[in-house]
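Open your viewer and keep the selection tool ready. We will go stop by stop, and at each stop you will see what to select next.

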Amino acid sequence: MKVLLAGGAGYIGSHTCIELVNAGFEPVIVDDFANSSPIAVKRIEEITGRKIRLYTIDVCNEEELEKVFKENEIGSIVHFAGYKAVGESVKLPLKYYRNNLDSTFALLSLCEKYDVNSFIFSSSATVYGMSEDVPYHEDLPTGCLNPYGWTKYMNEQILRDYAKVHPSFSTVLLRYFNPIGAHESGLIGDNPEGIPNNLMPYVCQVASGKLEKLHIFGNDYPTPDGTGVRDYLHVVDLAKGHVKAIDYSIENKGSIEINLGTGIGYSVLDVVNSFEKANGIKIPYVIDGRRPGDNATSYADPSRANKLLGWKAEKTIVDMCKDAWNWQKNNPRGYKE
Ligand SMILES: NC(=O)c1ccc[n+]([C@@H]2O[C@H](COP(=O)([O-])OP(=O)(O)OC[C@H]3O[C@@H](n4cnc5c(N)ncnc54)[C@H](O)[C@@H]3O)[C@@H](O)[C@H]2O)c1
């Protein structure tokens, strides 16, 4: 079965593409490389030994996107294509609302026209807002703190509404927690431009000497060591969750929200210590003030994913730290040659 991966050249999409090939699916990547590189697709081909069908298209451009549906019998869609920098979304809300919503409208309109009934969406734990009710389970009330988060919230609602009036349609709204790590080959990984927003790419750049020290935002949270606690999961485990979600959507109709996380919370200092132990590299850090919009603790209740998808994260924090560093060390400039 052909699976359209919108934004499939990105961090999570590229890892998912590999797992789909491993599971016998035929991925078709559509990406405009706004935040990725064609080299990622070459690397996927190197890892899988398979030629990957690629369309360099802006997913929001429905006319161009239709070509993909005309030329391929698409059985399922995974929609990764979106901008994801929270800080930028506050400064440039229209850019985020346009891209992250128009991409969904274009895909759904073509689903309707070409009768595609399986749709997996990259949502986020950000939809739980500042809730202190951890672990987060899918029935908690949702609400967001920034335009990026609202695009996830709105996309979920659009997909739920679409599913209500298309009885053959199935959508799985995957709420990711904090993916880190990289493929064990060290050939693909997270490729942030400029100074990273997320902890692990930052730690890796400190380890490589590119950045001087890690800035930890707040050590006075009500957590065991005072630093923020998050649910980090290996990107390969996350990728495997998509394969299970596609299988589920083929068997079940309607819409469902599903957390993908380990259910374990690690603090910033836990991650730093694990990285140092796993890779034998010291990470110098300083403590800065809290960052607005960060909550103390966020981790998943992953029982719905266990039960409905038969999915469970398998890799450990040590695997995550080793694989992240392996990628960084082998590709100090990311995909730039
Ligand atoms: N990485 C995380 O921590 C995280 C957490 C929760 C949710 N998500 C969501 O998961 C999805 C994938 O995240 P990622 O980390 O792989 O991000 P990414 O930026 O690496 O991948 C997104 C891909 O989409 C492409 N893209 C963006 N807009 C496009 C458009 N209009 N047309 C075609 N391609 C387009 C980019 O070029 C990129 O390859 C995003 O929607 C993100 O919001 C990510």
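**Start inside a helix**

Select N155. N155 is buried, with 23 other C-beta atoms within 10 Å. Here a residue is buried if 20 or more other C-beta atoms lie within 10 Å of its own, exposed if 12 or fewer, and partly exposed in between; C-beta atoms are placed from the backbone. N155 lies in helix α6. Helices (H or I, at least four residues) and strands (E, at least two) are DSSP runs, numbered from the N terminus.

A word on what is on screen. This is a predicted model: local features need pLDDT of at least 70, side-chain atom pairs count only at pLDDT 80 or more, and totals for chains, interfaces and linings use all residues. Residues are numbered from 1 along each chain as its sequence is written.

Now show the contacts of N155. Leaving aside neighbours within four places in sequence, N155 is in contact with N100, L101, T104, F121 and S123. Two residues are in contact if their C-beta atoms, placed from the backbone, lie within 7 Å. Next, select S103. S103 and N155 are 52 residues apart along the chain, and their C-alpha atoms are separated by 9.9 Å.

**Strand β5**

Select residues 118-124. How many of the seven residues of strand β5 are buried? Seven of the seven are, so β5 is largely enclosed by the rest of the structure. From β5, S118, I120, S122 and S124 point one way. F119, F121 and S123 point the other way.

Two strands pair if DSSP finds at least two bridges between them. Select strand β4, residues 74-79: β4 and β5 pair in the parallel sense over three bridges. The bridge partner of I77 in β5 is F119. Then select strand β6, residues 170-176. β6 pairs with β5 in the parallel sense too, over seven bridges. L173 in β6 stands opposite F121. Trace the chain from β5 through helix α6 (residues 147-165) to β6: this β-α-β crossover is right-handed. That is, with the strands pointing away from the viewer, the path from the first strand over the helix to the second runs clockwise.

**Around the ligand**

Select the ligand. The ligand is surrounded by 26 residues, and the closest are G7, G10, S36, G82 and S122. A residue counts as near if its C-beta atom, placed from the backbone, lies within 6 Å. Colour α1 (11-22), α5 (93-114), β5 and β7 (178-180): each supplies at least two residues of this shell. The largest share, three residues, comes from α1.

**Out to S267**

Select S267. S267 lies in strand β12 (residues 266-267). Is S267 buried or exposed? S267 is buried, with 21 other C-beta atoms within 10 Å. Leaving aside neighbours within four places in sequence, S267 is in contact with T223, P224, D225, T227, G228 and V229. S267 and P222 are 45 residues apart in sequence and 11 Å apart in space, C-alpha to C-alpha.

**Zoom out**

Show the whole chain. The chain has 11 helices and 13 strands. Of its 337 residues, 48% count as buried. Along its principal axes the C-alpha trace spans about 55 × 45 × 40 Å.
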